[in-house]
Amino acid sequence: MIKLIRVFLSVVIASAVLLFVINRLNSAEGFSSGNTITIYNWGDYIDPDLIKRFKDETGIKVIYETFDSNEAMLTKIKQGGTTYDIAIPSEYMIQKMKEENLLLPLDQSKLPNLKNIDERFMDLPFDPNNKYSVPYFWGTVGIVFNTKLVGDKPFTSWNDLWDPSLKNDILLTDGAREVIGMGLNSLGYSLNDTNKEHLHEAKAKLDTLTPNIKAIVGDEIKMLIANEEAAVGLVWSGDAADMMGENENLDYVVPSEGSNLWFDNMVIPKTAKNIEGAHKFINFMLDAKIAAQNAEWVSYSTPNKEALKHMPKEMVEDERFYPSPELTDKLEVYENLGKKNLAFYNDLFLEFKMHRK
Ligand code: SPD
């Protein structure tokens with residue numbers, strides 16, 4: 001009998017130790033549950049004060065990680081080492097994640113603040129009825145330029161970037177679709193073109209831009225252009241708005257040949273551990289005043305129409321960053337081009353980056 005009790009006690013103690021170790025491992029590696037959520041977002045894409053405020057208001061702790069491209073985010077989510085409760089991909093990636101069964105449908109009854117989102121940003125083709133995603137920020141891709149450094153010459157076209165006077169003076173945002181897209185648009189092709197000849201042509205055209213390119217960079221592009229380390233940049237609109245807040249010589253234009261209109265949305269990955277907490281976070285970010293504070297800090301354009309009422313007029317009335325539907329209707333939204341075509345874009349972009357070294 002004593003032997004039996006001893007065996008029983010050893011099993012209980014061993015199980016307790018095992019549970020403790022699993023628990024520690026989970027929290028160390030970002031496996032959230034109970035009182036924690038793990039968020040995966042673009043760099044510089046949330047006011048840090050709001051993460052603290054969410055914890056203070058809900059008691060839910062936030063583990064926060066960042067990525068610098070949709071492709072990097074997808075790879076990490078598919079690897080599954082860390083499980084995320086919230087991720088913030090762009091539209092074409094949401095379409096891909098849906099197709100690959102990587103997302104959970106949202107429970108809209110837990111998102112009463114969804115009513116704050118402008119109808120214009122709801123029910124878009126990449127996610128009918130917002131079954132899986134909720135708008136976070138939106139914007140365009142364009143050219144930011146320093147009027148003091150480039151003179152009076154206005155920038156209106158992608159082809160202006162090939163001007164020899166811009167030697168070693170251009171920074172490009174490190175994004176395969178953005179850079180290959182610029183090549184395609186400059187030739188009059190669609191941003192969703194999958195014709196290999198056109199894509200090779202775009203890459204060859206980009207190669208001729210090499211003498212003008214100073215570097216291809218991530219979020220540091222904001223600091224470099226604001227500090228006048230380069231005169232011109234291929235950027236997302238929100239980054240341009242941020243730089244323009246730091247340097248009054250900067251201006252932003254969406255080129256005449258056309259460009260990209262993009263939408264970043266909050267989603268819950270299928271592997272999420274704290275689905276309740278994830279809904280609470282999404283609803284928190286949809287609150288009008290919270291969304292306004294976030295948009296002011298991040299400088300990107302908010303789709304939250306109630307938030308606009310709490311923001312400075314000069315910000316929300318600036319057509320460069322809140323373009324009208326008439327303008328955005330002329331722009332192209334990236335489509336999910338399928339695995340092979342996306343890989344082809346990425347390969348061309350890699351070759352282009354190597355070629356310049
Ligand atoms: N630093 C935050 C950058 C977020 C940019 N998202 C734009 C995605 C366009 N496909």
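Analyst: A cavity is a set of points, on a 1 Å grid over the protein atoms alone, where a 1.4 Å probe fits but cannot get out. Points join across faces, edges and corners, and the volume is the space filled by probe spheres set on them. The model is predicted, so local features need pLDDT of at least 70 and side-chain atom pairs 80 or more, while totals for chains, interfaces and linings use all residues. Numbering starts from 1 along each chain as its sequence is written, and side-chain values use heavy atoms, without hydrogens and water.

User: What volume does the largest cavity have?

Analyst: The structure holds three cavities of 30 Å³ or more. Residues with an atom within 4 Å of a point count as lining, and for the largest cavity they include Phe137, Met266 and Asn304. Its volume is about 80 Å³.

User: How far is a nitrogen atom of the ligand from the side chain of Asp264?

Analyst: Let's look at polar contacts, meaning N or O pairs within 3.5 Å. A ligand nitrogen is 3.3 Å from a polar side-chain atom of Ser90, and one is 2.7 Å from a polar backbone atom of Gly43. For an N or O atom in the Asp264 side chain, the distance to a ligand nitrogen is 2.7 Å.

User: Which domains does the ligand lie between?

Analyst: The residues around the ligand (a heavy atom within 4 Å) include Trp42, Glu178 and Tyr300. Domain bounds come from an automatic or database assignment. Both domains give residues to this shell, so the ligand lies between domain 2 (33–137 + 263–324) and domain 3 (139–261 + 330–352).

Notes. A polar contact is a pair of N or O atoms within 3.5 Å; within protein, one must be able to donate a hydrogen and the other to accept it, and residues adjacent in sequence count only if both atoms are side-chain atoms. On a 1 Å grid over the protein atoms alone, a cavity is a set of points where a 1.4 Å probe fits but cannot get out, and a pocket is an open set with protein on both sides within 12 Å along at least five of seven lines; lining residues have an atom within 4 Å of a point.
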